[in-house]
Amino acid sequence: MNQTEEKLMHHEYDGIREYDNPTPGWWHLIFIASIIFSVFYAMYWHMSPLSSSIEEKWKQSQVAEYQRLFGELGTLHNDETTLKMLIGKADMMAVAEGTFQTTCASCHGKDGGGINGVNLTDDSYKNVKVATDIFNVVTDGANNGAMPSWKNQFSENERILLAAYIMTLRGKQPASPKQAEGNPIPAWGF
Amino acid sequence: MAAQLTTELGRSPVTTAGYGRMEKFSYDDAVVRKFLIATLIWGLVAFLVGLIVAFELVLPTILKYVPWLGVLVNQPDSPLNGLGQYLTFGRLRPLHTNAAIFAFAGNALFAAIYYSTQRLCKARMWSDLLSNLHFWGWQFIIVCAALTLPMGITAGKEYAELEWPIDLLIAVVWLGFFGTNFFMTLKNRRERHMYVALWFYIATIVTVTILHVFNSLAVPASFFKSYSVYAGVQDAFMQWWYGHNAVAFFLTTPFLGLMYYFLPKAAGKPVYSYRLSIVHFWTLVFIYIWAGPHHLHYTSLPAWASSLGMLFSVMLWMPSWGGMINGLLTLRGAWNQVAADPILKFFVVGVTFYGMSTFEGPMLSVKSVNALSHYTDWTIAHVHAGALGWNGFMTFGMAYWLLPRLFQAPLWSKRLMATHFWIATIGILLYIIPIYFAGITQGLMWRAFNETGRLQFPEFVETVTRLMPFYWIRVLGGLLYIAGMILMIVNALMTWRARPAVYEEPVHEAPALIPGYVDEPAPESHLVGNLEVGRRMDLFIQGWWHRVWERKPLKFTIWVIIAVCVASLFEIIPTFLIRSNVPSIASVQPYTPLELMGREIYIAEGCYNCHSQMIRPIWAETKRFGEYSKPGEFVYDHPFQWGSRRIGPDLAREGGRQSHDWHVRHLEDPRQLIPQSVMPSYQHLLNEKLDFDSIQSRIDAMAMLGVPYGDAVKKGRGAELAKAQAAAIAKDLVIQGGYADLEDKKVLALVAYLQRLGTDISKPPPTAEGMPVAVSGGTP
């Protein structure tokens, strides 16, 4: 619009004048569209049976993940056969490694060499005599809380899987191994 | 003056009734000069503190790189020994945000309001005494903040950190001095109608008062310590109702008022649309206030509140853009003027950043976008686009326009002003672009899974070290922005030196307003052949009725209060009254006395500036941090500590994840355990003794808020219980790793608190009454 055609308002404040221009049409359109969108959004997410809540979606992910991991295996038992079987499954070990990195690495080191927690790569163990003891240490903790209990954070299946992964750390060559603690124990036997 | 009168009278051919005798008056520019100088000084301080905290992220061990500095603050015989603990990120970041918002932007908006209100009202400020009390009172508050925040005296709620005595002072200075002075000036004005800038000032003053008072309600435990009366979900809701609307009514509405006055003044052009200013003012004021919960998406806040926050943010897009349209379109046909005048350049870039931020805000409030952006640097980039671009540039434009007028001497150097514009513009871009990259990078890293279904970046610190190149560019951007500020200060100083010996104070003349004014008759609708209803609608949309409101400040103010309060109460009442919003969990118990003291240390050290305590129900997040947080877990959290940014990992389920020994070593020097950590060392917590004597007053204050402390209150056993728990932890600590003699030190309280976090939901419910504070031993 040519400026000379615009209508000035009569009023003036400290020299400031105002035009009587209308609010732009696209402004109205988007504003009304945002209101209509909001009504439909609220109806869909809060009144319709078609939508599921954030918590429900999370639950679905959890079920799917558990199904993916343990669907074929069912309930695991903390025995040597199971541990041996898990160690043989590369994809299961990759999952357990992820858990180890998020949960255990801050004390035991990324490669299991030990920082504040014990070295898991050498042959000496403080609270483990046979392979199935690892699960108990993970579950209940040890040494007055120096090793925390993970009973509440992980399911039994997950703890058994983690124990299997910890077995595989033995014999690895960490970057900066911590001094051995506890007593040497015999090899796992496989 | 006479010409103005003719316009006013000529417009109203019916009568000249309503105008009394001519009166003489002058404007108080001395107080504007003071506020402007304060703006420059505090602006520099705020930016410098920002630069320091930016450095702390890239060089967490800066003391090791600068030996003489290390010697200065670490040697026992140095006079500055121990200074380091006052300068950590957690303590300085609140100082940076408070200084930028309340000292820099605050003084700028006061300068704008005092200058323009007098001229728009054709009246001197009602009371010079109140003007000066306001100025000096506000500066005193700023100094108090600058002293208390580094000392760790904080209420622990973002942008509302100041403790209760300072909060009271703010209420008195803001409403008692500033508000009274402003509204009395409105009452005594000689301009019949209020210009749009004044509407925005009214909204600012009343709403900030409401926000500040209701968010800051607290029960004092001592002169320097108080607890928010709200807890957990409700506290989070109140905090972000406040926090979001502080952005709205402290950083947006007054600056829109500033724009509506100074931009057309500087350009010498009429404002684009009067009608748009009416529509966008009222929609903005009404809609903004609902939007706070968008800061709490996916948290324990009930879903309906979260959705309201999102939807009102989306609806807020156009009302916000109304201001941008009116600003930019006012400059139509004046672009050659903009090219020649750095002041207009500042305004154009400022308004453009406003437009960008107010598009980005609604976008970030969409839940699925927020799932990525929340807790990342994306938010940091967003607020700096707003603060540096909109608030900063509008302030700079205003300041350059005011300098020659206030100091009554030509601006010392126009070239320097142009240089300031360019380096500050480049500075902003160098700040925000890498920080956008940093935010999106970190957000994507947190949620990345590899093909086996494990987190691709399981170690949190990886997602921080990856950001370092971006953080370095940010430091550079910040340096440029500060350099620009220094140029402006030099320019101001040199202009000030050329001031006259005595400032001229021109005397103006205008008739007093007296009753008997007759409004313009209602216009006729141009519509023909429509129903009467249609014609009325047309007239309503034309907005002529608003003209009457504009000459009634009291009525206008009451409508603003109604708009703001109705919107607030719609969200606040259900949040507080509907029980299903916070389903209770029987096993969640109050913190033990020692843990409560630990929580106080957590708050004092500003841990919430880097660590969240809120795990969202998002798969990648629960994989990393554990079970998502439940509303019922926070019922004893006065104040809540959910945080808003993760420079460190979430701590909501930290309890029991590490040994006591790990925590003590980590606090002593995080790099002993995590070499790439950017966390400060908290050596002083291992040296300083915990004040067991102050525990009881804390417990009593908590009990007053309804926290069931049972015997610990009735028999005053707070200190005794705390000592017992500390002894138990100290014993475990010795067995675990060999730290001895820590049982009376602060660090044990903090460790006790950290070991408690998020553990209650997996405990069995209590059996007997009054057991909550019974010491459960140190072992997690």
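**Domains of chain B**

I looked up the distance between the C-alpha centres of domain 1 and domain 2 of chain B, and it is 32 Å. This is a predicted model, so I treat each value as computed. The domain assignment puts domain 1 at 30-497 and domain 2 at 593-762.

Next I checked the contact between these domains. Domain 1 of chain B brings 43 residues, and domain 2 of chain B brings 47 residues. Which elements give two or more residues to the domain 1 side? I noted α5 (89-121), β2 (218-222), β3 (225-228), α9 (232-250), α17 (414-447) and α18 (462-465) of chain B. α5(B) gives the most, with five residues. I sorted this side by class and got 22 nonpolar, 15 polar and six charged residues.

**Chain B against chain A**

I then turned to the two chains. Here 57 residues of chain B are in contact with 55 residues of chain A. On the chain B side, the elements that give two or more residues include α1 (2-11), α5, α10 (253-267), α11 and α12 (303-330). Which element gives the largest share of this side? I found α12(B), with ten residues. By class, the chain B side has 27 nonpolar, 18 polar and twelve charged residues.

**Helix α11 of chain B**

At 1.5 Å a residue, its 15 residues should span 21 Å. The end C-alpha atoms are 21 Å apart, so the check agrees. Is α11(B) mostly covered or mostly open? I found it mostly covered, with 13 of its 15 residues buried. α11 is also among the elements on the chain B side that touches chain A.

Notes
Residues numbered from 1 in each chain as written. Chains lettered and ligands numbered in written order. Predicted model: local features only at pLDDT ≥ 70, side-chain atom pairs only at ≥ 80, totals over all residues. Helix = DSSP H or I, 4+ residues; strand = E, 2+ residues; numbered from the N terminus. Expected span 1.5 Å × (residues − 1). Buried ≥ 20, exposed ≤ 12 C-beta atoms within 10 Å, placed from the backbone. Domains from an automatic or database assignment. Contact = placed C-beta atoms within 7 Å. Nonpolar A, V, L, I, M, F, W, Y, C, P; charged D, E, K, R; others polar.
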